[in-house]
Amino acid sequence: MLGMSWLPEGFVHPEYVELPTGHHLRPIRESDVDIDYPAVMGSRENLWARFGGMWGWPPENMTYEADRQDLARHEAEISVHVTFNYAVLNQDETELLGCVYIDPPGEGTPDGADALVSWWVVDTELGGDLERSLNTLVPSWLADRWGFHAVHCAP
């Protein structure tokens, strides 16, 4: 895999982002599967309603091993700046409570978009402080830290 030209040469992606709720974001890893799998499958119906049409994810019969492989792919893509998946974690990283996806513009993004971004939280956090915090933080973080000017949020 080669790095994408959608980011400035020499760009260093953030490794840690603190949220006002005491949670934080960091790039997801294959080793997060033990906390990712229950988060995804526990919120599967809502996730499928949002992402099923766009990504076919998460499938109803997704296995632990399939999730591990998916996380390994994300980790590899992050390392070469193809795409980014940030885990939303509690302070001691014993719970994964959502994810933030940052992708290059592509088919389906409006002309002039410099990134395609989406995020989710587990069902128990829907409408709560964590989701509100992400809704506030992500757009400003993408502008201030990543330098994006025209982010397309989907779905």
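Buried means under 20% relative accessible area, exposed over 50%, and partly exposed in between (1.4 Å probe, protein chains only). Strands (E, at least two residues) and helices (H or I, at least four) are DSSP runs, numbered from the N terminus. This is a predicted model: local features need pLDDT of at least 70, side-chain atom pairs count only at pLDDT 80 or more, and totals for chains, interfaces and linings use all residues. Residues are numbered from 1 along each chain as its sequence is written, and side-chain values use heavy atoms, without hydrogens or water.

Phe-84, Tyr-86 and Val-88 point one way. Asn-85, Ala-87 and Leu-89 point the other way.

## Strand pairing

Two strands pair if DSSP finds at least two bridges between them. β3 pairs with β2 (residues 24-27) in the antiparallel sense over 4 bridges. There, Arg-26 has Ala-87 as its bridge partner. β3 also pairs with β4 (residues 96-103), again antiparallel, over 6 bridges. Val-88 stands opposite Gly-98 of β4. The β3-β4 hairpin has 6 residues between the strands, and Glu-93 takes a positive phi near 60 degrees.

## Salt bridges

A salt bridge puts a side-chain nitrogen of Lys or Arg within 4 Å of a carboxyl oxygen of Asp or Glu. The whole structure holds 7. Asp-32 and Arg-26 form one, with the closest N and O atoms 2.7 Å apart. Asp-32 is buried at 5% relative accessibility, and Arg-26 is buried at 3%.

Arg-68 and Glu-30 form another, at 2.2 Å from N to O. Arg-68 lies in helix α3 (residues 64-79) and Glu-30 in the loop between β2 and α1 (33-42), 38 residues apart.
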